Amino acid sequence: MPGEDLDTRVRLAAFECLLELVQLHGDVLPAGALRRGFDFHGTQVALKGVQGIFKPAILPDLPLSITTAPPDPLRPAPYDDGFNSDGSVLLYRYRGTNPRHHENVGLRRAMELRRPLVYFHGVLKGEYFAAWPVYVVGDEPGALRFNVAVDDAHYVSTGLGTVVSEGAEEARREYITVTTRQRLHQRSFRIRVLRAYRDRCALCRLRHQQLLDAAHIIPDPDPLGDPLVNNGLALCKLHHAAFDQNFLGIRPDFTVEVRQDILEERDGPMLIHGLQEFHERRILVPRRFEEQPRLDLVGERYRRFRVSAPG
């Protein structure tokens, strides 16, 4: 647009690049594509770098993106570590412990100038969920963190220097941040569970990823329903529905139990081969012990299955 400064034009080009990458890869993006970035009038501009607060060379003062590193699979961290209790604000840690570190200063300056950034959340090594535009809306030096809110990309085109703290705008960003958190939860949980089960249904071993779901052992709204791999099962859509509707349960020894009335029903080969023949079979579990279903969660879900059985 005429009159736009370099910083504005680079940010808008970055957002256009991200739209194209999401169309190509979905909303979890490979690190290689983010490092390659986009061509800006003959200059290659990366979208993220090694450090969490990233400023490409083409931008003299302000960062373009912030990144949360993927969790260590040996020490899985709860998803909500990066958000406040109601999910309306992303809590982003300073670089180090010095509020005057130049990267923290740059992010603070982006807040003062109300500049939009990109947020990358590491789902797995080399795979990142992207949210944009995000704004730094608060600074907490005592807690060594910034407060960040996600906004609707539509509002970026109306001007990059808009006020971020007035009522209607603040409410909109809180709502969008909450829904972004939910999407991140869903995408992260799905990718981690399917990867742990090597993209196979735990019951029938179906390998087509498009037909697989990440099923919670204890449902999401439940206080025990943490979005962690050890509370998940990779199930094809048929077996996910059957598990959720208590047509079948899984014992703590990882053996499938089909409900008695379903075993006695006569409804053709689909019922026989889709459900009945899995009675008393063991499910597939991940190779890594820490990714295998927690026995206490499996036991609690099996108890609920037994209670739900007709008669």
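## Exercise 1: Salt bridges

D151 forms a salt bridge with R173, and their closest N and O atoms are 2.5 Å apart. The model is predicted, so local features need pLDDT of at least 70 and side-chain atom pairs count only at pLDDT 80 or more, while totals for chains, interfaces and linings use all residues. Residues are numbered from 1 along each chain as its sequence is written, and side-chain values use heavy atoms, with hydrogens and water left out.

**Task.** Determine which parts of the chain the pair of D151 and R173 ties together, and state how many salt bridges the structure holds.

**Solution.** 

Step 1. Recall the criterion: a salt bridge is a side-chain nitrogen of Lys or Arg within 4 Å of a carboxyl oxygen of Asp or Glu.

Step 2. Locate the partners. D151 lies in the loop between β9 and α4 and R173 in helix α4, so the pair ties together parts that are 22 residues apart in sequence. Helices (H or I, at least four residues) and strands (E, at least two) are DSSP runs, numbered from the N terminus.

Step 3. Classify the accessibility. Buried means under 20% relative accessible area, exposed over 50%, and partly exposed in between (1.4 Å probe, protein chains only). D151 has 3% and is therefore buried; R173, at 2%, is buried too.

Step 4. State the total: the structure holds 23 salt bridges. Among them is the one between E127 and R195, at 2.6 Å from N to O. E127 belongs to strand β8 (residues 127–140) and R195 to helix α4 (residues 167–196), so this pair ties together parts 68 residues apart in sequence. E127 is buried at 19%, whereas R195 is partly exposed at 45%.

## Exercise 2: A strand and its surroundings

**Task.** Decide whether the residues of strand β10 (residues 212–216) are buried or exposed, and identify the strand to which bridges join β10.

**Solution.** 

Step 1. Count the residues: five of the five in β10 are buried, so the strand is largely enclosed by the rest of the structure.

Step 2. Examine the two faces. In a regular strand the side chains alternate between the two faces of the sheet. In β10, L212, A214 and H216 lie on one side and D213 and A215 on the other, and both faces are covered.

Step 3. Find the partner. Two strands pair if DSSP finds at least two bridges between them. Strand β11 (residues 232–236) runs antiparallel to β10 and is joined to it by five bridges, with A214 opposite A234.

Step 4. D213 forms a salt bridge with K237, with 2.8 Å between the closest N and O atoms. This pair links distant parts of the chain, as K237 is in helix α5 (residues 237–244) and D213 in strand β10, 24 residues apart.

## Exercise 3: Aromatic rings

**Task.** State how many aromatic pairs a search of the whole structure finds, and describe the pair formed by Y94 and F146.

**Solution.** 

Step 1. Apply the criterion: rings of Phe, Tyr and Trp (its six-membered ring) pair if their centres lie within 6.5 Å; planes under 30 degrees apart count as stacked, over 60 as edge-to-face and the rest as tilted.

Step 2. The search finds two aromatic pairs. Y94 and F146 form a tilted one, with 4.8 Å between centres and 45° between planes.

Step 3. Y94 lies in the loop between β6 (90–93) and α3 (102–113) and F146 in strand β9 (residues 145–150), so the pair ties together parts 52 residues apart in sequence. Both Y94 and F146 are buried.
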